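Hello,

Here is the structure I promised to pass on to you. Have a look at it first, and my notes follow below.

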Amino acid sequence: MLVTKPAEEFDAVVIGAGFSGIYMLHQLRKLGLRARLFEAGEGVGGAWYWNRYPGARCDSESYFYCFFFSDEILQEWTWSERFPAQPEIERYLNFVTDRLDLRKDMTFNARVTAAAYDEDTKRWTVETTAGDKVTARYVVTAIGGLTSTATNLPNIPGIEDFKGEWYHTGHWPKEGVDFSGKRVGVIGTGSTGIQAVPEIAKTAKHLTVFQRTPAYIMPAKNHPLTEEYNAAIKANYAEIKAKVRTHWGGQPYDAPPYSFEEMDLAKARKVQEEFWDAGGLKVIQAFKEGTRVPAVREFMEEFFRDKVRSIVKDPVKAEILEPKGYPMGAKRIALDTNYYETFNLPHVDVVNVKKTPITNFTETGVMVGDKEYPLDILVLATGYDAVTGPFRKMDIRGRGGIKLAERLEDGPRAYLGMSFAGFPNLLAISGPCNPALSTNVPASIEHDVEWITDLIQYCEKEGFTAVEPTQEAEDEWTEETQSKAADSVFTEADSWQFGSNVPGKPRRFLIWLGGLHMFRERCEEVTKAGYKGFKFTR
Ligand code: N01
């Protein structure tokens, strides 16, 4: 039975204990505010708490997939691998939480269900599944854009009929799943499925991968880090931090070194092979012209297809796995470790469910056309109702009781991806129309947290009781988000970025595509112009 706890009053409530919530709580404390963080999980981590599926690993390199705000933490924490796996990132976030002594202001196992603004008291009332009902002047959402609260289950009938075990990768059981001796099916071959397949294949008796769209996949070339490497990184953090803050994607990478136009195809191929061997997201960053230039993109697309044909021995499997049917970059490119190699194992098959779609689940498996694939365990790596989904799962009400879920029904809208007209003192880290999910996410999070901190500090100093964007500012930013997307390659495929992965979700782009460096500049301009686009109440 739900026991309602005595009402408590705070200056601020933070929702979520991933990268964003952890840093936000720290900043609010530094401002001298009384803050409380609510988290649905048993511990900190956010996306990195729930995504425990086999093979879960970050696609950004560990030396920059981290907080930069504390030189001490940068020096004290040592990463063990080039691309950190979920357990290590979860350990890192626990380390930071304890290092900053944040745990005492965090409530776990408490999912926020509702937040309502009272125009008379100018306070929010926040409720959780654990019976908390607290009030606060500010509410900061740190809920992430791809989260366990808003997973995307495929619209295939009959999942309730399936008598075997089934799991969505975003809700992976803490105790793990034993695949040994089992017939396993994986639906979904985005970044998640590509990481999970090689690991599941290690113990499953048989693995069937149901692929609708073949992804463009680059090798991670993950490896352990040496003491010397880590020492060099730690000695160089000032420069790395400066690069992260000025790069389009929040990555400390130098500009591409080669000109595609100035070399013949044989030389271009040699260069591309070098980048392939180095691995990671830099694989597509060899040429100055960038992949938006059709000649460069088509060259790389063919290079990727060649790689599949050279790795996968069975030509029928290779043909299914070759990325095609849409331009590279129109869906997120994935990193892999032995994904293609896994299909050389005799107990691993791939089924083209674009050609013949899955019709339904049965008690014993999956029907593709008139063929049943018998399964003991089904893994759904089918992604998320991204960005707006997590907001729409909560009952958030602003001025006059307007519902945020309804405001976001027709697509993403927000000013600077961090604030909503009609919702005073509700601030969002990496909200709708924010660049975060097109960048190295912690770098964007740090920016948003620091910008929100400054805004709150300004309100406190000036004695304002409420801040919110004007409708006009929100409308303009929302429209700008769509026009930037309309000029991008993303228009040429269905994707979670467009919301077109979820049946019935409007096709509106969820991310502001101007790059993190430009976003920083835009936010700075807003601040310098006296928080242009915001209105304040005393
Ligand atoms: O989800 P997705 P994800 N029948 O939406 C398929 C981040 N991430 O969890 O492409 C058959 O990309 C769907 O097919 P299609 C990262 O930002 C980060 O993999 O729609 N198939 C697709 O193959 C990433 O982009 C890391 O045709 C169906 C798959 O399911 C985001 O999370 C690691 C289907 C869904 O792919 C989401 O990735 C992992 C159906 N009915 C993820 N419905 C890092 O490294 C869906 N699919 C930080």
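Which atom of the ligand does a backbone N or O atom of Arg57 lie 3.1 Å from? An oxygen atom of the ligand. Before going further, please note that this is a predicted model, in which local features need pLDDT of at least 70, side-chain atom pairs count only at pLDDT 80 or more, and totals for chains, interfaces and linings use all residues. Residues are numbered from 1 along each chain as its sequence is written, and side-chain values use heavy atoms, with hydrogens and water left out.

Two side chains also make polar contacts (pairs of N or O atoms within 3.5 Å). In Thr213, a side-chain N or O atom is 2.5 Å from an oxygen atom of the ligand, and for Trp496 a polar side-chain atom lies 2.8 Å from a ligand oxygen. The protein buries 87% of the 920 Å² that the ligand exposes when taken alone (Shrake-Rupley areas, 1.4 Å probe).

The ligand is surrounded by 24 residues, and Asp59, Thr192, Arg212, Thr213 and Trp496 are the closest (a residue counts as near if one of its heavy atoms lies within 4 Å). Helix α5 (residues 191-201) supplies the largest share of this shell, three residues (helices are DSSP runs of H or I, at least four residues, numbered from the N terminus).

Lastly, Gly463 follows helix α14 and has a positive phi, near 75°.

Best wishes

Key: Polar contact = N/O pair within 3.5 Å; in protein donor to acceptor, adjacent residues only side chain to side chain. Helix = DSSP H or I, 4+ residues; strand = E, 2+ residues; numbered from the N terminus.
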